[in-house]
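Please read them with the coordinates open.

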Amino acid sequence: MTYTVITENDVSQWSDKTGAEYHFPKRYAKFLTPGTTVVYYKGKLKDKAFRDQRLSDEPHYFGVATIEQEPYQDEESEKGDLYVAIENFTPFAQAVPNKLPGTDDYIETIPETRQSNYWRDGVRPIDKATFEQIIALAGVDQLMNARQLGDEYAFTSLGEEGGKKKVYSTRYERDPKLRKQAIAIHGDSCKACGFNFGKAYGEYGAGFIHVHHIVPVSEFGGRQAVNPETDLIPLCANCHAIVHRKPGYTLSIRELISFIR
């Protein structure tokens with residue numbers, strides 16, 4: 001597994017959604033590949049208008065997520081920029097400063113040759129020890145509460161519980177543009193229980209929602225057209241997990257709603 005820090009700026013040329021989509025220059029493509037775990041980072045606050053949308057005014061890490069798909073070409077970019085779909089986003093309850101507590105030492109290891117320009121890189125590969133240090137400071141005991149492999153969920157812990165285990169899985173292609181269209185059509189509230197991340201968490205959660213394939217992608221049998229109006233539906237993380245709880249069986253939305261109403 002590889003680990004990478006991705007920077008989210010308060011003001012950006014891209015209209016990214018935290019935990020859903022991330023744009024980047026093509027020079028960073030080798031760091032943002034399927035199977036990568038990413039840590040979200042913000043630099044120092046420069047515009048007080050964004051204060052309410054941050055966990056801290058100082059440089060800090062604020063969440064963890066995964067990349068499950070290959071990057072897409074940004075067709076609107078003249079520079080060959082790319083973007084990836086971000087999955088399994090877990091926000092931190094508190095900001096993690098970019099320096100170790102009580103010291104002037106940075107959590108990330110800065111090469112001697114990069115002392116003056118290291119923080120200019122919006123995407124920065126880190127090693128496992130650095131990643132685990134950030135997670136520990138964030139107080140996240142369960143790293144991947146919803147690590148989605150295909151259409152099922154696997155759970156991993158940072159605790160020491162035995163030897164290594166290799167897991168092989170198939171990842172199915174998903175188009176972030178269809179996700180955007182589905183949310184534009186259906187809204188960003190869960191269609192089963194009505195939960196809305198924006199109403200619960202304010203601006204920080206606004207616009208965030210899982211998008212469920214009514215017919216699982218794993219059952220397509222190959223590439224096929226997807227209609228965001230009839231084939232996709234917004235679900236909160238809880239409802240989405242319950243839909244896929246039983247291996248080999250996907251609850252219908254009617255069945256899901258019958259459990260909670």
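1. The model is predicted: local features need pLDDT of at least 70, side-chain atom pairs count only at pLDDT 80 or more, and totals for chains, interfaces and linings use all residues. Residues are numbered from 1 along each chain as its sequence is written, and side-chain values use heavy atoms, with hydrogens and water left out.

2. The protein chain holds five helices and 11 strands (DSSP runs numbered from the N terminus: helices H or I, at least four residues; strands E, at least two). Of its 261 residues, 43% are buried (under 20% relative accessible area; exposed is over 50%, with a 1.4 Å probe and protein chains only).

3. Among contacts (heavy atoms within 4.5 Å) between residues at least 6 apart in sequence, 64% join residues at least 24 apart.

4. In helix α1 (residues 128-138), the buried residues are Thr130, Phe131, Ile134, Ile135 and Ala138. Viewed down the axis of α1, they fall within an arc of 135 degrees, so they line one face of the helix (the arc is taken from the directions from the helix axis to the C-beta atoms). Ala129 and Ala136, on the other side of α1, are exposed.

5. The cover over the buried residues of α1 includes β1 (2-7), β3 (36-42), β4 (60-67), β6 (82-97) and β7 (123-126). Just after α1, glycine 139 has a positive phi of about 75 degrees.

6. Strand β2 (residues 21-24) is covered on both faces: Glu21 and His23 are buried on one side, Tyr22 and Phe24 on the other. β2 and β6 run antiparallel, joined by four bridges (strands pair if DSSP finds at least two bridges between them). Histidine 23 stands opposite tyrosine 83 in β6.
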